[in-house]
Amino acid sequence: MKAYGDTRDDGMIQISFTLPLSSGSKAMEAGKAYAAALGLQDVRVACAKPAGDGFTFYVVYGMCGAEIDPDSIKGTDRGESMSREETDAFLKEHLKREAIVVGAALGSDAHTVGIDAIMNMKGFAGDYGLERYGMMDARNLGSQVEPEELVRQAERLKADAILVSQVVTQKDIHVTQLTKLVELVEAEGLRDRLLMIVGGPYIDDGLAHELGYDAGFGRGTLPRDVATFIARRLVKQLE
Amino acid sequence: MQLNIDTARAARCRELAGKITGPLLDEISRRSTDSVERTVLRLWGADGLHDSDAPLANAAVARLREAGVLERGAARPVAALVNQTGSSVQEVCEKLASGTLDVPDDVTGPEVENTARRLTDDALSALAAAREKRLALVKKLGEVEDRPLLYVIVATGNIHQDIEQAVSAAECGADCIAVIRSTAQSLLDYVPHGATTEGFGGTYATRENFRLMRRALDEASKRIGRYVRLVNYASGLCMPEIAALGALERLDMLLNDSMYGIIFRDINPLRTFVDQHFSRRICAEARITINTGEDNYLTTADAVEAAHTVVASQFINESFALAAGMPEELMGLGHAFEIDPAIENGFLMELAQAQLVRQLFPKAPIKFMPPTKHMTGDVFAGYRLDCMFDLASVITGQTIHLCGILTEALHTPLLQDRMLALQGARYVMTTAKNLGRELETVPGGVIATRAAEVLSKAEALLKEISETGLMDALARGVFADIKREPDGGRGAEGCFEKADGYLNPFEERLAG
C-alpha cells in the first residue's frame, strides 16, 4: 500500500518544513536535496520563502516509493469512539450506574497536562473531559500522587477504573512507577475489578500491555476515546 | 461598524461590578500574603538563591513567619536590621535566612520607617527608569496604531532557543512575543532563579530569562525598526513577584487576571484577590499592560451559551483594575473566538461579541484570542478558522491579536507555524483594513440582536452576583462551569490578616 494522491499507488505526499538556511539562490536546491534525502522522487518545491533571517520555509510535493502491508499492522483496533452523549446513554442503558474513574499523574510526575486534558471539564481540542460526563464520577487527584495513595483512593471510592498519566519518561522512571502501581493493585486483590489505563505522549498500547495495563493511550488521544474504552470494557465485563 | 448599545445598561453593569468588588476590596486591604511580602524584599534588592535552592526572598520571609512577626510585614524587621547592621537588604536577608542574624524585637520608630521609605524610593526609581526607557524606545522606533498588535508565543522550554524563535517571529512581523511558562509554574510558591534551559511546554519565568529575552528583542527591535513587546505571566501563586520582576526588567505586558488562578488553577480565592491587587498596582506604576483571561471561560463553557459570562467578568476585572490604580489604557480585557464553526451565522455572533466588547471598553487594549477548542488537528481546516478570526479582529478593531496557529493543540508552534500565522494575519488585516468602517449593522439583525442579548444577560448575571457576592458565584461555578469554595484552594496558608502597625511602604506610594 502506498499513499494515494490522484492515482492509486502514485505515493504522492505533501510535506512542509523549515531549513536553517538563508533563502538565497541555493535555497531551492537545498529544499529539493533535503526532500530527495527523505526518499522522495520527482520532487517539486512548490514554495521556498524566508521565515525570518536565516530560515527558509518549504512546501514540497514528491512521490514516495515506500509501501506497507496493511495486514501486517499490529495494534488494537478499538473501533470508532462514541460521543459523550452516546457514552452516557450507553452506560445508562447497560451499566445502569455511574462509572467511577480515579485519575492522577503518578509519582514524581508533576505534569497534569495529560490527565487534565482527559479528565477536566475543559477537555482537549474541543472534546469535553470525563468530569463533564453525566454517567461518570470522575476524580482527578492531580499531580505527584504516589502509587500507594492512588490505590488507597481507588479502593475508598470503589473505583471501576484507574487512569494514570506519565509524561516524564527520563531514565525510564515511568516504567518503574507504572510497574509498582500494577503490583500494588494486584497485591490488594483489586486487579480483577479495576480497569487500569495509562496515558502519556510516549505511551502506546503495546507498552501498556507489556506493563500489565488494560490499555495505553498516546499523543492525540481525546477524552471520548478514553471514555468509550472505559464504557465498553465495563459493560463487556458484565456479560 | 457601530452597535447601538444601551449606554444606560452599560453604566448599570459598571455600577454593579463596583458593588461586587467593593466588599472584596475591604477584605483585600486587611490582608497580605507571603508573595506580597517577598515582593517588597525583591523590590528592595533581595535577589538570588538561598543555600537550600529556595530563593532568598522566600527564605527570608519564611524566617520572619517562623519568628511570628510576618503579620506586621517584612518591611519593618528588614529595615530595622539594615539600620542596625549598616548592611544592604541583600546581606540582611542572607543572614536572616541562614539564621546568623536574629529577628529584632523593636521594629517601630521613625528610623525604621525612614529607611523603609528610602529603600522604596530607590525601587520606584528603578521602575521609573524602565518605564522611561520603554517610552523612549517606542518613540524612537514608532508605534503600531492602525491595526491590531500581532501577538505570538514561544514555548521551547529553553530560553536560548526561545530567543532564536522570538527574533525570527519579530522578523516575520510579530509585535508582541509571549514566552509561555513551564507547565504548573503557576502552582510554585516561588519564582525560580537564573537562565533556564529545561521546561515542559514552556520556559520558567525568571528574572534572568526576562532580562535575556528583553535584551534580544531590543536588538531585534532596533534592527527591524519596530518596538517588539515582551509578554509573560503574572498569575498563579506569585502574581506580585512576577509583576515586580517584570517591571524591573521592562516587560511590556503581563497576563494578570483577578480570578483566573482561582478558577483554573484552584488557588485560594482570598490569596488570589490580595495578590492580584498588589500585582496590578505594580503594573500600573510600571505602565505594564495587563491581559485578562476571560477567553479561558469559553474553552470549558460553551461560547454561545456563556458569552455573557465573559462580558460580566470583564466588568469585574475592570473594576478590580480601577481599584488598583490602573488606567483603562492598560486593561487588556480578554475574550475569544470560540464559537462552534458548525453553527449557522456563528461568525456574525463572533462579530457581535467582538464589537460589543470594543464599544463597552473603548479605551482598553482589548485582547482577542484565537480558536483553540475547535482546532482538531486538521491543520488545513484550522487555517481557515484562523482566517475568519483575523477578519473578525480587523473589522471590529481589536487591539491585541493573538495569532491563531494552525498546529494549535498539536504541539508548541514550529518556527514556520508562527510565520504562516503572522503572514496570514497581515494579509487579512491589509486586504480588509477599512472594512469595519464601511459596514453598518441591520437593526433587528443577527449581530445587533445578539449583542443586545449578551449585554442584557451580562447585566442580569452581574445583578445576581452583586446580591449573593462574588465568593458565592465562584462556589456556584458561574464562570467556566468550575466551582471553587471560598476556603479551598492552594496557598491559603500564605494569606494572612495584617496586624496593628503593619507596614508595606509600597502600599503608601503606589496608586490604587
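Trainee: How many bridges join strand β3 to strand β4 of chain B?
Mentor: In this predicted model, β3 covers residues 176-179 and β4 covers residues 229-233 of chain B. The two strands run parallel, and B:C176 stands opposite B:R229 in β4(B). The number of bridges joining β3 to β4 is three.

Trainee: Which helix packs on the sheet, touching β3 and β4 of chain B?
Mentor: The direction of this helix makes about 160° with that of β4(B). Its residues are 207-224 of chain B. The helix is α8.

Trainee: Which strands stand at the edges of the sheet in chain B?
Mentor: The sheet is open and has nine strands with parallel pairing, in the order β7-β6-β5-β4-β3-β2-β10-β9-β8. An edge strand has a single partner, so one side of it is left without a neighbour in the sheet. The strands at the edges are β7 (331-332) and β8 (334-336).

Trainee: Why is helix α3 of chain B described as largely enclosed by the rest of the structure?
Mentor: What covers its buried residues includes α2, α4 and α5 of chain B. Among the buried residues of α3(B) are B:L56, B:V61 and B:L64. Helix α3 is largely enclosed because, of its 11 residues, the number buried is eight.

Trainee: What distance does helix α15 of chain B reach from its first C-alpha to its last?
Mentor: Helix α15 covers residues 379-395, which makes 17 residues. At 1.5 Å a residue, 24 Å is expected, and the model comes close to that. The distance reached is 24 Å.

Trainee: Which residue just after α15(B) takes a positive phi?
Mentor: The phi there is about 60°. The residue is B:G397.

How values were computed. Residues numbered from 1 in each chain as written. Chains lettered and ligands numbered in written order. Predicted model: local features only at pLDDT ≥ 70, side-chain atom pairs only at ≥ 80, totals over all residues. Buried ≥ 20, exposed ≤ 12 C-beta atoms within 10 Å, placed from the backbone. Helix = DSSP H or I, 4+ residues; strand = E, 2+ residues; numbered from the N terminus. Contact = placed C-beta atoms within 7 Å. Pairing = 2+ DSSP bridges. Axes fitted to C-alpha atoms, helices over the stretch in contact; angles between N-to-C directions. Expected span 1.5 Å × (residues − 1).
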